[in-house]
Amino acid sequence: MLKIRGLQAWYGQSHVLQEVDIDVERGELVCLIGRNGAGKTTTLKSVMGLVEKVRGSVMFNGEEMLDLPAHARFHRGLAYVPEERRIVPGLDVRDNLRLGLIASKLKRREAELIAEVTKIFPRLAERINQNAITLSGGEQQMLAIARALIARPKLIMLDEPSEGIMPALVDEMFDLFRQLRAQGVTILLVEQNVERALSVADRAYVIDHGVIVHHASAEVLLADSEIQEKYCAV
Ligand code: ATP
């Protein structure tokens with residue numbers, strides 16, 4: 001479904017991604033791990049069209065994405081949930097969810113899609129009329145994920161969703177990933193919480209200094225403490 005080849009990216013003169021090759025098959029949960037500053041966020045942003053200077057190839061369902069602006073990639077079925085949750089304070093949970101459909105062809109089916117997504121997130125269903133700013137950090141993260149899912153993306157990219165969230169909600173979050181995967185949602189996940197991430201993933205890629213240095217099944221990487229220590233310590 002997603003085939004990244006020789007992806008490079010720059011911020012000004014800084015050559016941040018040097019050689020990124022990643023494949024994600026339909027229905028897979030693939031994890032991208034690596035130290036702080038290794039280039040994980042830049043990889044997701046480059047796939048979504050949010051980094052100005054990129055080279056290489058990002059094929060999504062057989063179509064080159066690097067020639068397209070971010071909104072066109074969204075319409076092809078790519079979604080990205082950034083690390084900093086962008087919920088809109090002042091709007092309630094329902095209106096935040098509706099924002100996820102604003103540019104979508106599915107807008108006419110809003111009520112049905114809100115019902116569908118809140119079934120996956122019972123916490124949001126209970127708080128549907130509550131101002132989003134009153135949600136806990138973890139609930140706001142779930143809202144950000146739900147808002148991306150509501151437009152039924154073909155592939156969702158999640159950037160450090162468990163960052164700064166209380167442990168009980170982290171458990172819920174990883175259960176959610178398992179559930180989404182079981183429902184056939186394709187996920188590319190960036191996580192610092194390496195063991196937890198590998199325990200839900202099918203496969204994983206390790207990035208270091210902007211280069212993919214290793215890839216394996218999640219099971220194999222989970223057992224490889226040497227690689228984890230070398231490349232994944234914060
Ligand atoms: P973290 O786990 O800390 O989020 P990461 O693996 O996601 O790290 P990136 O955020 O992709 O890493 O950053 C890769 C490199 O690019 C880092 O050296 C970072 O300082 C740099 N960088 C990131 N964003 C910018 C920017 N907007 N302008 C300049 N340099 C940037």
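**Ground rules.** Because the model is predicted, I took local features only at pLDDT of at least 70 and side-chain atom pairs only at pLDDT 80 or more, while totals for chains, interfaces and linings use all residues. I numbered residues from 1 along each chain as its sequence is written, and side-chain values use heavy atoms, with hydrogens and water left out.

**Entry 1: the ligand.** I took helices (H or I, at least four residues) and strands (E, at least two) as DSSP runs, numbered from the N terminus.

Next I looked up distances from side chains to oxygen atoms of the ligand. A polar side-chain atom of Thr 42 is 2.5 Å from a ligand oxygen. For Lys 40, the distance from a side-chain N or O atom to an oxygen of the ligand is 2.8 Å. For Gln 192, the corresponding value is 3.0 Å. Taken alone, the ligand exposes 630 Å², and the protein buries 57% of that. I noted that accessible areas come from the Shrake-Rupley method with a 1.4 Å probe.

**Entry 2: the largest pocket.** A pocket here is an open set of points on a 1 Å grid over the protein atoms alone, where a 1.4 Å probe fits, with protein on both sides within 12 Å along at least five of seven lines; lining residues have an atom within 4 Å of a point. The largest pocket holds about 570 Å³ of space. Its lining has 22 residues, and Phe 74, Tyr 80, Pro 82, Arg 147 and Ala 148 lie nearest its centre. H1, helix H2 (70-76), strand S6 (78-81) and helix H6 (137-149) each give two or more residues to this lining. By type, the lining has 16 nonpolar, three polar and three charged residues.

**Entry 3: the second largest pocket.** I read its volume as about 190 Å³. Helix H4, residues 110-120, gives the most to the lining, with four residues. Residues lining this pocket include Leu 113, Ile 120, Arg 152 and Val 185. The lining divides into eight nonpolar, two polar and two charged residues.

**Entry 4: single residues.** Asn 61 has a positive phi of about 50°, although it is not a glycine. I found Asn 61 in the loop between strand S4 (53-60) and strand S5 (63-64). Asn 61 counts as partly exposed because its relative accessibility is 36%; buried means under 20%, exposed over 50%, and partly exposed in between (1.4 Å probe, protein chains only).

Arg 152 also is not a glycine and has a positive phi, near 50°. Arg 152 sits in the loop between H6 and strand S7 (155-159). With 37% relative accessibility, Arg 152 counts as partly exposed.

At 54% relative accessibility, His 71 counts as exposed.

Notes
Polar contact = N/O pair within 3.5 Å; in protein donor to acceptor, adjacent residues only side chain to side chain. Points joined across faces, edges and corners; volume = space filled by probe spheres on them. Nonpolar A, V, L, I, M, F, W, Y, C, P; charged D, E, K, R; others polar.
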